[in-house]
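The following exercises are to be worked through with the sequence and the model in view. Each task is followed by its solution.

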Amino acid sequence: MRRTTRLLTGAALAAGAVGLVVTPAYGGDSGGLEVFPSSVEPGGEVTVHTEFCPRGAAAGDASAVGAGSFSLVPSTHDEQAAGRFRVPPSAQPGTYEIVATCAEGGKRVAGDLVVTLTAPRGQTHPRGGVKTGVGGAFGHDPVRTAAGVTALAVAAAGGTWLLHRRARGDGI
Amino acid sequence: MRNDRRTGDVAIAAASVLALGCAVLLLAGGTEHPPPQPSTAQAARTDAPGAGARAAGTAARALPPSPPDRIRIPAIRVDAPLTGLGLTSSGSLDVPPAGRPDLAGWYESGTTPGEKGTAIVAGHVDNADGPAVFYRLGAVRKGGTIEVDRRDGGTAVFTVDAVEVYDAKHFPDEKVYGPAARPELRVITCGGGYSRATGYRGNVVVFAHLTGSR
């Protein structure tokens, strides 16, 4: 089973390489692979995902940053392929290309990862409250208001008519 | 002849009373639906710090960072996509576009939901047209479940520790946004009373921590 997987992965990688050589436009060399966080400290964990691999399986390659190969597997809740790897603590600051090759079709997608020595995330948090409402839930529905005014007019007309009759002495 | 008139008068009287009743119902009652607000029983316990959290569920191990895609709060039937949010020029958390009342957002320069630290999600309680995605957020109760689908294919499951209301003038930044030693989540919307002149007075904040994943 493992042997089969390895063979398949090898075939996929080879197909990807051939695809790149034969049809450079097909590869999508820059892009297609979303890297998160896009900027990370040495030793940090990175998640990658792509929507370009059929059925969500792919072989990932993070050897540029010294993290070797990893697999991308289908997400449980959508059609995307996702995988992760850990940047080695010895990684040097710089920009590295992370690559994934679809198991099916051999399409190659890539994304950039920046290794930095200072924590890029979570440095500042928001201040104060959040303006997430304008009171629209309190608003009077114009249709409803118009219907109410009409009903009020009908009641007034009826009442006036009856009072008028009574004043004339017609009696009720 | 007189009987006919009498019947007509009674009909007119009945119709008038009915119309008056309808007018009262349509104009006075029923048009105002303030969003639900949490009771003080849903606030964090101050007598025994951490007791509420332990009772609600054991903290789960932190997940690796991965951006979130959707948030689900089954108790109030929320199942909404998430968009990335930044900060406004004044340093407050930005909000999703008002024209997309079904959309919630997360603070994408901060912690991702499931990762160690405090992840922040915000959404509208209403817009000019009526209720929005977090209209019923104030009805969430301690021990309730919040699920976040992540782009790495997994789902982070949080358990609610407390639901609080804060006045905008005294918003506790550190308590709501400050760092945490375990994976935590805040879900924020407007609340705390409303007046036509000044709008909502503050925010409803749901505090939760990671208790599982799948």
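**Exercise 1.** Which residues does Val121(B) touch, not counting residues up to four places away in sequence?

*Solution.* The model is predicted: local features need pLDDT of at least 70, side-chain atom pairs count only at pLDDT 80 or more, and totals for chains, interfaces and linings use all residues. Residues are numbered from 1 along each chain as its sequence is written, while chains are lettered from A and ligands numbered from 1 in the order in which they are written.

Two residues are in contact if their C-beta atoms, placed from the backbone, lie within 7 Å. On this basis, Val121(B) touches Ile71(B), Leu82(B), Ala104(B), Gly105(B), Trp106(B), Leu185(B), Arg186(B) and Val187(B).

**Exercise 2.** Describe the largest nonpolar core.

*Solution.* A nonpolar core joins buried Ala, Val, Leu, Ile, Met, Phe, Trp, Tyr and Cys residues through C-beta atoms within 7 Å; buried means that 20 or more other C-beta atoms lie within 10 Å of a residue's own. The largest such core has 46 residues, and Val121(B) and Ile71(B) are among those with the most contacts inside it. Strand β10 (residues 199–213) of chain B gives this core its largest share, 7 residues. A second, separate core of 27 residues includes Val48(A) and Cys102(A).

**Exercise 3.** Determine how chain A meets chain B.

*Solution.* First, 45 residues of chain A are in contact with 63 residues of chain B. Next, α2(A) supplies the largest share of the side of chain A that touches chain B, 13 residues; helices are DSSP runs (H or I, at least four residues) and strands likewise (E, at least two), numbered from the N terminus.

Terms used. A residue is buried if 20 or more other C-beta atoms lie within 10 Å of its own, exposed if 12 or fewer, and partly exposed in between; C-beta atoms are placed from the backbone.
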